[in-house]
Amino acid sequence: MNEAVPYISNYIDSIIQAVPYFKTEIILAIGFLCSIFGSLFLDKIWKNSSFAISIISYALAAYCNYQQYDALGTAFFNMLHIDRFGLHAKFMLLLALIVSSILIQQHFQHSTSNKRKGDIYTILLGSSIGMSILCMTSHWLMAFIGIEMVSISSYILVGYFAETKKQTEAAMKYALFGSACAAIMLYGLSLIYGFTGVLDFADQKHMQGLIDAPKVMSGIALLFVLTGIGFKLSFVPFHLWSPDVYEGAPTPVAAFLSTAPKIAAIILFSRLIQAWGNTLFYFSEILLIFIVLVAIVSMLAGNLIALRQQNVKRMMAYSSIGHTGFLLMAALGYMAGHQEALLFYLAIYTFMNLAAFAFIDLLEKQQGNSNLSSYSGLGKQLPILFTLFSFVGISLVGIPPSAGFVGKLFVFSAIFERYQEMGDMAYIWLLIIGALTSVISLFYYFKIPLYAFLKSKTNESVGQPIGWTPSYIVAILLSILLLLFGLFPSLLMQLF
Amino acid sequence: MISITHFLVVSAIIFSIGLYAIIAKRNAIMILVGIELIINAAILNFVAFGRYDKLNYGGQVFALFAIVLAAAAVAVGLAIILAVYRKYKTINPDNITDLQD
C-alpha cells in the first residue's frame, strides 16, 4: 500500500476529470435514488410518481448522451470507452427502457395486487445503469459488475409479481441458471486474470498472456467466460431459460428482457471479439469457429423449435434465440469493420420485438391468455391491430418492404464481403443457414394472420374492445417506424 | 512453503464440488450453495493471483466486488425460492416442471 501513497493525489485528480464522461450514468443513479423515495413516500399521494421519475431520468440521460458526442475519449483509467458505437447503443437502450416502462405501467394499471408497483421502475432504473456500463467498457471488472446488475434486476422483475405457480417457477429457473452461469464466468475470469495479470481485454498484454498460456487452459477459460455472456445473450446451449422465462414473466417484462439486456451484451461481445478475434494466433481461430458454430446452431434450433409452439410468448422466445444467432453474425460483421450493419440490425430488432410484445400484451389482456388458438377469427374484430401485428411478423422474417429485410440485407452483405476477403467456407455456411432459417421462420410468424384472418371463431365470447391506450399507440408508432425505415433505410443509416 | 499451485489446486477442487452440487440438482438451496462454492473458488484464485499484481491490486478489488455481488444474487435467489416453496410445498427442481414444451 505504501507504494501507492505518492500517487494518491494524481489518482484523485484523474478520477475527478473522468466524472463528466460518466454523466449519463450519474443521472440514472440519481433517478434510481429518487425513484426509491418516490415509491416510499409519494405512493399514497400520487400513484405514478416512480413512473414519472423514471421517464424523466431516461429523457435526461438521453439528452446527456446526445451531448456526449462532442466529448469522446476514455475515462477512469481506460475502464470506460466513450465512443460513438457505445453512445448509439445507449440511445437504443434508453428507448427500449422508456417503451418497456410505458408497457409495464399500462399492464399493471388495474392489477389488484397489493405489492407496491413503484418498485418495478426502480429496479428498471437499476438495471439501466448496469446496461449502459456494459455498452462502454472493455474492462472485465466493469463487465462483470454490469452483467450482475442486469441479471439481479431481471430476476427481481420476473419474480416480483409472480402470482401463479408457473410464474414463480420461471423466476426460480431464471435465477438459478443465471447465477450458475455468472459464477462459472467469474471462475473463467479469475483464470484469465492469472494468465495475463491485466483485466482490460483490449490491452496488448492481455492478448499476449493468453497466447503464452497453455492451450487447454486458455481454451477452458475462454469457454467459461463465454458462458456468462452467452446466458445474457441466450444463444445455444445457454438458451434453456428463455422460453420458460418469457412465458412465465409478465409480457412487458418479457419485452424488456428480449431487447435491452441483449443490446448491452452484444455490444460487450462485439468489443470482445474485435479485441480477440483479429490476431493471427490459434486463439482467434478457436473463437471464430466457436462463434460460427454457435450462430448456426442458434439460428437452426431457435427457428425449428419455434415451429411447433402454440403459445405466442414461447414462440417469440424461440424466435429471439434465432435472432441472437443472427446478431452473432452481425457481430462478426462488426469485427470486419461493418459497425453500421450491427447497429442497424440491433435497432430494428429492438423496434420489432417491442412492437410484437406490445401487441401480445394488448391481446393477452383482452383474451386472458396468449395461445395462438385464442386469436382465431379476431382479425375482423381488430383489423388494424392484426394488420400491424402481421406486418411486424413480416419484418421479423425479413421480407421487403419492412425494415427487417434491410437489416438482414446489410448483415448478409457484410458477411459476404468478409468471405471475399478471407475465403473462409465458414462464412458461406453462415450465409446459407441465415437465409434458410429466415424462410423457416416465415411459417410460424404467418400463423398469426392465419389464425386471425382465415380461421373462424371458436368461442363466441367477445372480449372488451381495445381502446387507444398509450401502449397501443406506442406499438402503432413502432410499426410505422418499421415501415418507414424499410422504405427509407438511409434515415436511420446516416445516424450510424 | 505454500506456492501458488497449492491455491490453484484447492480452488479447482472447490470449483468441482460446486459444479457437482449444481449438476446433481437435488434441491434448490443446494444449487445455491454450489454457486457460492464456485464463486468462492474464483475469489480464492483472484486473491492468489493478485499477489503478483502489485501495481494495480486488480485481483483483490475484483474479489471484493465479487463477494458483494454474490451476496446480492443469493439474497434474491433465496427470496424467489421462498416464493416457490409457498406455491409448490417443495424445492426439488425435478418436481417443479409446469413450464415445458
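**Interface of chains A and B**

I looked first for salt bridges (a side-chain nitrogen of Lys or Arg within 4 Å of a carboxyl oxygen of Asp or Glu) and found a count of 0 between chain B and chain A. I note that this is a predicted model, in which local features need pLDDT of at least 70, side-chain atom pairs count only at pLDDT 80 or more, and totals for chains, interfaces and linings use all residues. Residues are numbered from 1 along each chain as its sequence is written, chains are lettered from A and ligands numbered from 1 in the order in which they are written, and side-chain values use heavy atoms, with hydrogens and water left out.

I then turned to polar contacts (a pair of N or O atoms within 3.5 Å; within protein, one able to donate a hydrogen and the other to accept it, and residues adjacent in sequence counting only if both atoms are side-chain atoms). Across the interface, 9 residue pairs are in polar contact, both residues at pLDDT 80 or more.

α3(B) gives the most, with 16 residues. By class, this side has 30 nonpolar, 7 polar and 5 charged residues, where Asp, Glu, Lys and Arg count as charged, Ala, Val, Leu, Ile, Met, Phe, Trp, Tyr, Cys and Pro as nonpolar, and the others, Gly among them, as polar.

I recorded the contact (heavy atoms within 4.5 Å) as taking 42 residues from chain B and 43 residues from chain A. The two chains bury about 3700 Å², 76% of it on carbon and sulfur atoms; this is accessible area (1.4 Å probe) lost on putting the two parts together, summed over both.

**Second largest pocket**

I next examined a pocket (on a 1 Å grid over the protein atoms alone, an open set of points with protein on both sides within 12 Å along at least five of seven lines; lining residues have an atom within 4 Å of a point). The second largest pocket holds about 770 Å³ of space. Its lining has 30 residues, with A:K173, A:F177, A:L240, A:W241 and B:K25 nearest the centre. α7(A) gives the most to this lining, with 7 residues. The lining divides into 20 nonpolar, 4 polar and 6 charged residues.

Conventions: On a 1 Å grid over the protein atoms alone, a cavity is a set of points where a 1.4 Å probe fits but cannot get out, and a pocket is an open set with protein on both sides within 12 Å along at least five of seven lines; lining residues have an atom within 4 Å of a point. Grid points are joined across faces, edges and corners, and a volume is the space filled by probe spheres set on the points. Helices (H or I, at least four residues) and strands (E, at least two) are DSSP runs, numbered from the N terminus.
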